[in-house]
Every structure is written in structure tokens, then in C-alpha cells.
Amino acid sequence: MPREDYEAVMGLEVHAELSTKTKIFCSCKTTFGAEPNTQVCPICMAMPGTLPVLNEKVVEYAVKAGLATDCEIARDSKNDRKNYFYPDLPKSYQISQYDKPLCEHGKIEIETSNGKKVIGITRIHIEEDAGKLNHDEFSGGSLVDLNRAGVPLIEIVSEPDLRTTEEVEAYLKKLKSILEYIEVSDCKMQEGSFRADVNVSVRKKGDSNFGTRTEMKNMNSFRSITRAIEYEIDRQIDVIENGGKVDQETLRWDEVSGKTFSMRDKEDAKDYRYFPDPDLVAIKLSEEYIENIKNSLPELPESRKQRYLEEYKLSEKDANIITSSKYLSDLFEKAIEICNNPKAVNNWIISDISRILNEKEMEPNEIPFKFNELGKLVILIDKGTISSSIGKKILEELFENPKDPEQIIKEKGWIQISDETQIKEVVKKILEANPQSIADYKAGKDRALGFLVGQAMKETKGKANPKMLNQMFLEELKK
Amino acid sequence: MDITNLTVHELQEKIKNKELTSREIVEAYNNKIEQKETEIQAFVTILGKEALEKAKEVDTKRANGEELGEFAGIPIGVKDNICTKGIKTTCSSKMLENFVSPYDATVMKKINAEHIITLGKLNMDEFAMGGSTEHSYFKTTKNPYNLNKVPGGSSGGSAAAVAAGMVPWALGSDTGGSIRQPASFCGVVGLKPTYGLVSRYGLVAFASSLDQIGPITKDVYDSALLLNIITGHDKKDTTSVEKGQIDYTKCLKNDVKGLKIGVPKEFFGEGINKEVKESLEKAIEKYKELGAIVEEISLDVAKYSLATYYIIACAEASSNLGRFDGIRYGHRAKEFSNLKELYKKSRSEGFGSEVKRRIILGTYVLSSGYYDAYYKKAQQVRTLVMQEFEKAFEKYDVILTPTSPTVAFDIGAKSNNPLEMYLSDICTVSVNIAGLPGISIPCGVDSQGMPIGMQLIGNKFCEETILNAAYTFEQEVKFRDNHKPKFKK
């Protein structure tokens, strides 16, 4: 059966670290990157006799995430223990939520080249992160770092509604942007504060039953998620095409080889022996509590997008790109406050800023300059102090060495030439050198004008005022 | 005057009147420990000189006119599953043989804040699992009334030490009867407070939904005094409850007129020793004489309590004891070739047979496919037990039962028969299952001179009611005046 006759089915389990100041069950800090075992205490090290106390902020953040994804919020919830042995899990159980998650039955709308689609959210629950094992080069063994043990997480489980890698990526980006907007997680994939496990299965198109799924872990970028899924879909189809059966198992994605590997054999089939944690009291949420959180939710990407379409007349595509990141969206709105030119700011973000981010493989929140620099850049162009091609150079400079654009112009000597005599000289010089273009223009080829202006810009290293150039060339050509 | 015969409230009086210094008291106890420890084997750690130094400090401070509070300089013994900063906390297990806690349990902070002096850490069944203290990795504690008998357990070291005069009072912990049953076997007073009255922070967990720390004392007044010190909401234990500051000695009115006592017939049926039953019946008559209204009642579901208890307690224990994995602290096997073997060997070597038995049982009842039949069902029965007690307390103030169906048994008599050992908890476990307060006080001795305990159970947070009922009985019967441990060999 040809590959096109297969359909992939994906469901995602996303773990997002919550950006609370302290851990979920003790008052240790959650700062990333500290020296090993410096953010620990008897509780998160699981010393005998210690007890967990639930950080109320964790509940608040999870409820926020639930409300922002259209979930129903449980009035009555609890914490459960998930029991298993591993050196990064000091209590030998993870405090999580089993049958009464805080949030259930939500949804997120995504948009792909095939249009809009609603992806169901099965549940969102709170749990604690585990520590980390570091390989010890001296002994060849492993050393345990418990700084991350007890950092609060929410696990967001989607319905198996995703069919393509494009949808998966759109879903993850949308989810990430929502969590960023409501400021519950910084969602830094490279620091592991936004991680996704992907469940993948394949079936014949038209089948109503799902195939056997595998779960893939250890992908830490959108690119590796896409690669891993594509690899795994192909692998499963190959297995079936060769008359085999897909095993239900957990796979580890290896970025270097570009392959998935089985993480554990079937003999180790996990029984986590979930049961309610007797050290923690039930979580009871009042209507008032939930209402208060609902009222405190900031504007979400969907609503911002609508506003951009109406207020600033952005195209749907541009509005999508800008609102996909809270950082970009904030940059957009604040820069407009400074320069009052939404169209220009939109163009900068959509074209040049996006391009540079791509080239540098940076996340929007890593943009080194601020909204006022972008705003000023637009003003300088609008006032005619610089040309837009100089503007591009300034933007590059802002990424390298962010400072006031005016300062950059002064330092680099990039002020636009708007002196009529100077420009006239350049125009004459270019016309003399390009008689053919004059003939072309007169023969009705308007493109020749563009060529001449381009040559003049080149001559002045982009500093000539393009409007004046245009006007003067026209005047000369009409003579 | 034998200082070690005095109760804490008597010691307080003598300190106040400058008849005794803290140093004299601690010296007397240190001497008594030195004298008796070889036969009783109550201690895992003896602090001796260290305690004496503290006593001297208290005396100096007091001489300098510092206000130290009414308990300053009084010594105490602490069960070895309560974390003490800088002092070993072993849980009487090889697993924690050399473990020193980096922090003090909340109750220890309260004890230390009162300048009460810890004499040492007391022996117990390993991780509080057992009813005879025979399951200690280090030693078997003996019953001061008869050295061939067990002191009960798991707080056997605490009860024996108090009975033998090696400590004036002690802290124990009670998950299914571990304070009350040894108190009963050793002829002393043991109180298990309502679940949530005393912080569990720093008590090495056995079964989190059942564990409570409580006092083991010579008399009821001391029990109220120690309760005054250790109760109170703790931010570090979300299951602890805010009840405000109560002075539990204020309720000791020596009057039970009109008190309604229910006597559940199920606790006097099959399996109960005849002499225990007779002693209890006499106690019931005494209450009637004192003006209490005593009626027979039925607590039908209580008979399911033991099974329910062993399922819930073992389930929680199997998870609570997972942290003893040889990774961060505690025993680690010397040789292992991989992670799995490190776990297996460390835990196989570090835990004793009773602990292993309960971990296996608990793991089983939580396993997928068995959860509903065991753990879930046990939780449902637990609710029924609670409801039945609630109903009983609509009519009665106190429920009276034996503490244990028998007196202390011979060392070794039940150690090879776990089920028979578990039956020793039959009268006490339902109190933990329902989260209620229960006190055991001596009500007599059998023909061999072994103490018999009476259990008084109260409604939630009604410690005052059972303390007064116990106190009134004690004032009438004066057990301590008539019975002393004989250290019979």
C-alpha cells in the first residue's frame, strides 16, 4: 500500500515548568543553571520525616492555563503519588495528579495551510519535576543534582487530534504562546522548561480505529520534534508494510543519528501504583477563586489577533505571526506607541526581524533590543533622516550591539543625503553612465527608473533620500 | 527520695521550690539508665554527659534569674523515629544505623524551646512496624514487670523506659496502637492524639494517614502536660490542625458524673483474655460508682478495622519507605554492578523481615488489577468505620475498650507468627482508622502481676474528655501506688 494511503495520528504530552519563584512543595528557589545541589533543602531531598506543602501559586498558574485553553476547572482535586525508583527521584515517588486533574476538556484552535482546526485538550495537571543525573567524568558514574527536583510542572495532554507535523508544530507554537501570554511559564525549550512527548500511530486513511502508538521522548526543539515524528511515521509504515506489528513502547529520539530507540524492554512494563498522597489535603477551589483568576487573565493571542485585524488592518497572516509570540506582540504594540506607524512596525517584524531570528536560530524573547529602539528606527525613516536601506543596516546593528539608532547613525555616518545639489550631481552622473536606460524609459519601460534609482543608491552607499532621487530622475527623464 | 519515681509535675514542683536542680534530676536518671539498661535494653542512643551538660546550663541560667519556663531542665526520652538534629535517628533499622538528621522534628523544636533535656533515643520495632519491639535491628527491649516478656510495640523502648524510671516521660508514635499497646503492657499512660493535633513533620513516616506522635507518661496529669507542649498547627504539615492554645490540665476535674460511656461488645468477645476482661469489667463498675452512665453498644464494622488497617498502613508504607534506596543516605550495599542491583542489595540488606513483609504487602495492594479489590475497598471501609464512630459519639462521650486483648506476652512467643502478632492491635487500630484520640491507662494486673490496660476513645479533638475520664479513674484506683515494676527474671 502506498505511503499516501496511510494517515498518522498524533497526541502530545507537553510539560511546562511553571515560573513560580519557589518549588512546588518547599520554599527552595527555582532559578535555572545554579551550581548543583545549591537549591535544595531537606524536603526536596526527601530526608526522612519531611512533608510536602503545596505552593498555592502552582494551583493558580495551572488554573490560569486551564482557563486560557477553555478547560473545565475542577472544584475538587487532589495530589497522587506515582511510584517508581530512579536516582533523580528522591522520594521514589513523584507527586502528580491521577484521576482528578485540575483542568479537563479544553481546546485550542490552530491554523495551518489547510485552514483552522480545533485540537482537544484532554487534561492539565500539576506535578513536580525530577532532578538531573550528570555524568561524572572522573569516576565514570553518575552524580545527582536535585536543584530541579520539585520545580513545578504542568502536564498538558492533548487529544489524538493531530494528523500532520505541520499541525503538531502549529499546536505547540499556539500552546507555547498562550502560556507565555498568561505568564505562567517562560517556555524556554533549550532550558527544558517546555518539553513535549509525542504519541504517534499510523492507520489506513478512513479507518476509524487507531493503530498501536509509540511514545517519543527527548526532543528539545520544534525541528527535532518534526524530524522525530517523520522518522517514526516512516518506521511504523515500514513495519506494517513488511507484515510486522508496531509495538507499544517508549522511544528515545536521538538527535545525532536521527533515529528513535526503545527505552526499556517490555519486562519492565511500569506499574506506577498511583494512590492519593496522604500527606496533602484535598484541593478545593471556590467559584470566587476561579472567577478571580478568570478576571485577571490578560488578553490572549486570539483576541489580540482580532484587534490587530480591525484596529491596524494587518493581514491575517501577519497578525498570526506577530501574535504567535507574546514578545513579538508586545514589541509591536509598544513600538507603535512610540512611532505611531503600525504598518511600518508590522513590516519590520514580519520581514527583517523574522528573517534575522531565523538566520540566528533565536527565539523572539532573545531579541537583544527594545521596543523604543525599533520605534525610533521607524521615526528616523519616516522623518527622512535615513533611508529604509540604511534602516536595515541599523537593524542588523541592533541585533549585534543594541543602542539608540541615532547614536548608531552618528557613529557610522549614515545620515541620509537630502541636499538637493548633492543629489542632483549623483543623478547626473548616473544618467551619463546609463544612456541605454534613458532610451528604455522613453520607450515606455518604467522598470528603467527603478534601475537608475538603485544605481544612485549604490553610488551613495544607500544614504541618498530615495524620494528625492525618484523625483529628480523623473524630472530629468522628462526633459 | 528516689527522684526517678517522681512524675514530671512533682519534679516541676521540686524545681520551683528549689528542692531539686536540673543537674540532680538528670544525674539521677543517668544513673538509673546505667543501672537498668543492661536488663531493659530500652535505648538506641544514650546521651549521658551531653544531657548533664545541658542540665548544668539550665541551672546556671536559672541561678542568673533567666525566665526559662516551667519545664526547663526536665529530661525526656524520645522514640528513635522522631528526627533530632545532630543526634542519630535510626528507626531501629540497619538502614539508618548511622543516620543523623539535618533538622529537628517540629515536636523536638517545641521540646527544645522549653529547655527540656533529651536523655536519649528509645528503641522501637523497625520503622514502627510491630507490636513487641522484637523487630528492632539493635536489641529487644524487655518488659520491666517481667524481663521475659515483651514491652509491646512499636514504642516499646519509650513505654519500658518510663515504667522502669529511666526517663520521667517519653515521646512515642502511634500508627495502629504503637503508643497505647506498649503503655498497656508496661503499666503506664499512653495517649494517641486526634490525627492532625500534633505535627508529623520530622516523624519518619510509616503510614502518613495514621501516624501521630503522643506522650507516654507515668500518670494522666503528665500526659496532659506533654500534650500542652507538642500540640499546635504547623505550617510544615498541612494535615495538622489549628485548635488554638488549650491547657489540657484544666480539664482534669476528677469528676465523671453524667459522663456517657459506651462499651462496644465486639471488643469483649472472642480472643480476649479472661483476666483482661474481668479487670475491664471492674473498671466499668468503678465508673458506674463514680456516677458515669455506662451502656453496652455495638461497633459492628470495627471487626473489619484490622484488615483495613493492614491494607492502608502497608500501602502507604510501601511508598513512604521507597526513599531508603541507598542513593542519598542510609545503608548502601558495598558491591553492585548496576543501578537495579544497588537498589535490590541495599534494601535487602538494610530492611528487616517485618518491614519487607509490609512493603511487599503494600506494593501488592496498590498494584494495577488489585487496587480496587484491596486499597480502594479498604478506603471505603475506612469511611464506614468513621461513620460508625461518629454515630456512637452522637450518644456517648467516651468509648471504653481493653487496650489489648492480652497482657504482655513472652519474648519470642509470636515473633514467628505475624498474623497472631497483628491480632494484638485489634482493639487499637480502629482508633487510627477513624483518626480519633485514644488513651490507655492501667486498670489492674493479672494473676502474674502483669499490667492490664484500659482504652478510652474520644470524639475528634475531644482529648479533654478522655483525659478527664482517665484522670478520674486514676485518682480512684491509684495504680502507681499499688503496682511497681519488679524486674522479674
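In chain A, 70% of the contacts with a separation of 6 or more join residues 24 or more positions apart. The model is predicted.

## Chain A: overall build

Chain A has 479 residues, and 40% of them count as buried. Its secondary structure comes to 15 helices and 16 strands. Along the principal axes, the C-alpha atoms of chain A fill a box of roughly 90 × 55 × 55 Å.

The chain A domains are domain 1 (3-289), domain 2 (299-412) and domain 3 (420-478). The centres of domain 2 of chain A and domain 3 of chain A, taken over C-alpha atoms, are separated by 30 Å. Their contact draws four residues from domain 2 of chain A and six residues from domain 3 of chain A. On the side of domain 2 of chain A that touches domain 3 of chain A, one residue is nonpolar, three are polar and none is charged.

## Chain A: the sheet and its helix

An open sheet in chain A contains nine strands. Their order is 2-6-7-10-1-11-12-13-14, and the pairing is mixed. Which strands stand at the edges? They are strand 2 (72-73) and strand 14 (259-262) of chain A. Each has a single partner strand, so one side of each lacks a neighbour in the sheet.

Inside this order, strand 7 (residues 115-128) of chain A runs antiparallel to strand 10 (residues 152-158) of chain A. Seven bridges join the two. Within this pair, Glu127(A) stands opposite Leu153(A) of strand 10 of chain A.

Helix 1 (residues 56-68) of chain A lies across four of these strands: strand 2, strand 6 (103-112), strand 7 and strand 10 of chain A. The helix runs at about 165° to strand 7 of chain A.

Elsewhere, helix 3 (residues 222-241) of chain A includes Asp238(A). Is Asp238(A) buried or exposed? Asp238(A) has 11 other C-beta atoms within 10 Å, so it is exposed; the cut-off for that class is 12 or fewer. Asp238(A) and Glu411(A) are 173 residues apart in sequence. From C-alpha to C-alpha, they are 61 Å apart in space.

## Where the chains meet

The contact between the chains takes 24 residues from chain A and 32 residues from chain B. The side of chain A that touches chain B has 16 nonpolar, three polar and five charged residues.

## Chain B: an open sheet of 11 strands

Chain B holds an open sheet of 11 strands with mixed pairing. The strand order is 1-3-2-4-6-5-10-11-9-7-8. Strand 1 and strand 8 (293-297) of chain B are the edge strands; each has a single partner strand, so one side of each is left without a neighbour in the sheet. From one strand to the next, the twist averages 30°.

| Strands of chain B | Sense | Bridges |
|---|---|---|
| Strand 1 (residues 43-46) and strand 3 | antiparallel | three bridges |
| Strand 2 (residues 75-79) and strand 3 | parallel | five bridges |
| Strand 7 (residues 260-264) and strand 8 | parallel | five bridges |
| Strand 10 (residues 438-445) and strand 11 (residues 451-458) | antiparallel | seven bridges |

Start with strand 3 (residues 117-122) of chain B. How many of its six residues are buried? Six are, and the strand is mostly covered. Gly120(B) in strand 3 of chain B has Ile46(B) opposite it. Gly77(B) also stands opposite Gly120(B). From strand 2 of chain B, the chain crosses through helix 4 (residues 106-113) of chain B to strand 3 of chain B. This β-α-β crossover is right-handed.

Now take strand 7 and strand 8 of chain B. Ile261(B) has Val294(B), in strand 8 of chain B, as its bridge partner. These two strands and helix 8 (residues 274-289) of chain B make a β-α-β unit, which is right-handed.

The last pair in the table is strand 10 and strand 11 of chain B, which run antiparallel. Here, Ile439(B) has Leu456(B) of strand 11 of chain B as its bridge partner. In a regular strand, side chains alternate between the two faces of the sheet.

Key. Residues are numbered from 1 along each chain as its sequence is written. Chains are lettered from A and ligands numbered from 1 in the order in which they are written. This is a predicted model: local features need pLDDT of at least 70, side-chain atom pairs count only at pLDDT 80 or more; totals for chains, interfaces and linings use all residues. A residue is buried if 20 or more other C-beta atoms lie within 10 Å of its own, exposed if 12 or fewer, and partly exposed in between; C-beta atoms are placed from the backbone. Helices (H or I, at least four residues) and strands (E, at least two) are DSSP runs, numbered from the N terminus. Two strands pair if DSSP finds at least two bridges between them. A crossover is right-handed if, with the strands pointing away from the viewer, the path from the first strand over the helix to the second runs clockwise. Domain bounds come from an automatic or database domain assignment. Two residues are in contact if their C-beta atoms, placed from the backbone, lie within 7 Å. Ala, Val, Leu, Ile, Met, Phe, Trp, Tyr, Cys and Pro count as nonpolar, Asp, Glu, Lys and Arg as charged, and the others, Gly among them, as polar. Axes are lines fitted to C-alpha atoms, for helices over the stretch in contact, and angles run from 0 to 180 degrees between N-to-C directions.
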